Amino acid sequence: TWRSMLDERVTDSFVSHIRDVFHRRGFEGRIAEVQDVDTAAAHSALLTVNLIDWRMNAVGNIDCTFTADLQTERTIRSLGVFSGVAFRWMSGPGRFGFSEALDSAAEDAIRQLYDAVEKTGMVPGAKSGRNGNQEKGG
């Protein structure tokens with residue numbers, strides 16, 4: 001159905017943004033979308049993201065808000081709520097500008113997520129991007 005196709009595209013896009021931002025911030029591990037949560041948690045850290053909002057708000061800015069939990073074999077930790085915003089009018093006209101604003105809002109929130117993951121010390125390969133590896137704009 002239309003809704004399931006849209007949900008799949010949003011999921012794929014968001015996972016791609018997470019992968020890009022985490023690697024730019026210095027993450028050295030593998031990032032993959034998982035379907036079998038029980039198996040994944042037994043072998044590596046599992047980051048669960050609940051996308052709450054990723055859309056244009058009433059004043060025309062793009063909001064991206066989600067919650068995240070981090071799970072390992074021994075523990076589950078709530079990382080909190082993350083929110084990013086992008087000014088739609090700064091991204092240019094038309095659908096390409098809109099797409100760029102969506103990307104910017106998501107990446108803003110995901111940078112905050114990476115910092116929270118890195119602070120936990122629960123994920124091997126997550127290192128601080130503050131040692132010369134920090135991405136532009138981060």
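The side chains of Thr65 and Ser83 are joined by a polar contact of 3.4 Å. This is a predicted model. Thr65 sits in strand E2, one of three strands that form an open sheet. The structure also holds five aromatic pairs, and two of them are described below.

**The sheet**

- The strands are ordered E1-E2-E3, and their pairing is antiparallel.
- Strand E1 (46-56) and strand E3 (76-86) are the edge strands, since each pairs on one side only.
- On average, neighbouring strands of this sheet are turned by 15 degrees against each other, direction ignored.
- Strand E2 covers residues 62-71, and ten bridges join E1 to E2.
- Arg55 has its bridge partner in E2, and that partner is Asp63.

**Thr65**

- Is Thr65 buried or exposed? Thr65 has a relative accessible area of 17%. The cut-off for buried is under 20%, so Thr65 counts as buried.
- Which residues does Thr65 touch, leaving out those up to four places away in sequence? They are Asn50, Leu51, Ile52, Asp53, Val81, Phe82 and Ser83.

**Aromatic pairs**

- A pair of aromatic rings is described by two values: the distance of the centres and the angle of the planes.
- In the structure, five such pairs are found.
- Take Phe14 and Phe66: their ring centres are 5.4 Å apart and their planes stand at 80 degrees. Planes over 60 degrees apart count as edge-to-face, so this pair is edge-to-face.
- The pair links distant parts of the chain. Phe14 lies in helix H1 (residues 2-24), Phe66 lies in strand E2, and the two are 52 residues apart.
- Phe14 and Phe66 are both buried.
- Now take Phe22 and Phe27: their ring centres are 6.1 Å apart. Their planes are at 70 degrees, so this pair is edge-to-face too.
- Phe22 is buried, and Phe27 is buried as well.

**The aromatic cluster**

- Which residues form one aromatic cluster? The members are Phe14, Trp54, Phe66 and Phe82.

Definitions and conventions
Residues are numbered from 1 along each chain as its sequence is written. Side-chain values use heavy atoms; hydrogens and water are left out. Two strands pair if DSSP finds at least two bridges between them. Helices (H or I, at least four residues) and strands (E, at least two) are DSSP runs, numbered from the N terminus. Axes are lines fitted to C-alpha atoms, for helices over the stretch in contact, and angles run from 0 to 180 degrees between N-to-C directions. Buried means under 20% relative accessible area, exposed over 50%, partly exposed in between (1.4 Å probe, protein chains only). A polar contact is a pair of N or O atoms within 3.5 Å; within protein, one must be able to donate a hydrogen and the other to accept it, and residues adjacent in sequence count only if both atoms are side-chain atoms. Contact means heavy atoms within 4.5 Å. Rings of Phe, Tyr and Trp (its six-membered ring) pair if their centres lie within 6.5 Å; planes under 30 degrees apart count as stacked, over 60 as edge-to-face and the rest as tilted.
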